[in-house]
Amino acid sequence: MLFDAHTHLNFYEYTPEEREKLAEEIEASDLSYIIDSGDSVESSRQALEDSHRYSWCYASVGLHPDQAPGYTDEMIEEIETMAADPMARAIGEIGMDLHYGKEYKERQIELFRKEIRLANKLKMPVQIHTRDADKLTMDILVEEGAFSPERKSWFPPKRLMDGTEVADPRVQLHCFSGSAQFAMEYVRMGAMISVGGPVTFKNGRKTVEVVQTVPAEYLLSETDSPYLTPVPFRGRPNKPFYVEHVVRRIALLKDMEFEEMAHVLTANGKNFFNIED
């Protein structure tokens, strides 16, 4: 049983035939659940279509920061309408990207704030994209109440391995690329740290340190496919069921058996996205 907490079965370059073939491969694998993550109005709509077609697929809906230059309030209203679908389990991916988007930074900030406010209005989890904007992203999340006591009160508490229950704001830092120290600042506020293919890379030392530092109860496994393909498939398009290699690496780093780690990460994902079966 495996969980891909952030992937793109909705990838805009897939033909319907390619998407169906990938779905068949998923069904033949050990992957039990995926979150098909929206990053535009169109991809969010496709994610919902996928979630109604496949029993193992759930959707997130949102506008990626690269949508900031041309976003309109009507687009946010469309996201809100889609979020009412019971298969939509989070607002995302939303956030800040100053690697590519420095020239429209202020528009990104404006969009990000509006989408956090939407998630708070709807009392939904959030999937956060942040690149080269670690402190700014955290500051905005805090300022907009993403870790507030009120928000935490909307969701059931998280149960830790020792039986302790802690407040849960349902904030996912997707494909986390920051330091272990920064990850722990998020963990202390209750956020989940989501890890993908970079944990398997030779130059992925920072992600390795994050996994070694963050308690297992605060980790999620993902692929961000078709991007960030893990070893041993680097150089090829990523696929959701390659999350197995992410989980195997996490298990090794946490000195846990693969099956145990897979169980923990799947339980984390089901809890975060409110999936029951």
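Modeller: On a 1 Å grid over the protein atoms alone, a pocket is an open set of points where a 1.4 Å probe fits, with protein on both sides within 12 Å along at least five of seven lines; its lining residues have an atom within 4 Å of a point. Points are joined across faces, edges and corners, and the volume is the space filled by probe spheres set on them. This is a predicted model, in which local features need pLDDT of at least 70 and side-chain atom pairs pLDDT 80 or more, while totals for chains, interfaces and linings use all residues. Residues are numbered from 1 along each chain as its sequence is written, and side-chain values use heavy atoms, without hydrogens and water.

Colleague: What is the volume of the second largest pocket, and which residues line it?

Modeller: The second largest pocket has a volume of about 220 Å³. Its lining consists of Phe11, Tyr14, Glu18, Lys21, Leu22, Glu25, Pro226, Pro237, Asn238 and Lys239. By class, these are five nonpolar, one polar and four charged; Ala, Val, Leu, Ile, Met, Phe, Trp, Tyr, Cys and Pro count as nonpolar, Asp, Glu, Lys and Arg as charged, and the others, Gly among them, as polar.

Colleague: Which residues are the closest to the centre of the largest pocket?

Modeller: The largest pocket has a volume of about 990 Å³. Of its 39 lining residues, His64, His129, Arg131, His174 and Asp224 are the closest to the centre. The lining divides into 13 nonpolar, 15 polar and eleven charged residues.

Colleague: How should I read helix packing?

Modeller: Two packed helices are described by the angle between their axes and the distance between the axes. Axes are lines fitted to C-alpha atoms over the stretch in contact, with angles from 0 to 180 degrees between N-to-C directions. For helix H4 (residues 105-122) and helix H5 (residues 134-143), the axes come within 10 Å and cross at roughly 40°. The crossing of H4 past H5 is right-handed, that is, the near helix is turned clockwise from the far one by less than a right angle. Contact (heavy atoms within 4.5 Å) joins Lys105, Ile109, Phe112, Arg113 and Ile116 of H4 with Leu136, Thr137, Ile140, Leu141 and Glu143 of H5. This contact has six nonpolar, one polar and three charged residues.

Colleague: At what angle do the axes of H5 and helix H7 cross?

Modeller: The axes of H5 and helix H7 (residues 180-189) cross at roughly 10° and come within 12 Å. H5 is therefore roughly parallel to H7, a term for angles under 35 degrees. Asp134, Lys135, Thr137, Met138, Leu141 and Val142 of H5 make the contact with Phe182, Glu185, Tyr186 and Met189 of H7.

Colleague: Where does lysine 123 lie?

Modeller: Lysine 123 lies in the loop between H4 and E5. Although not a glycine, lysine 123 has a positive phi of about 55°.

How values were computed: Helix = DSSP H or I, 4+ residues; strand = E, 2+ residues; numbered from the N terminus. Parallel < 35°, antiparallel > 145°, perpendicular 65-115°, else oblique.
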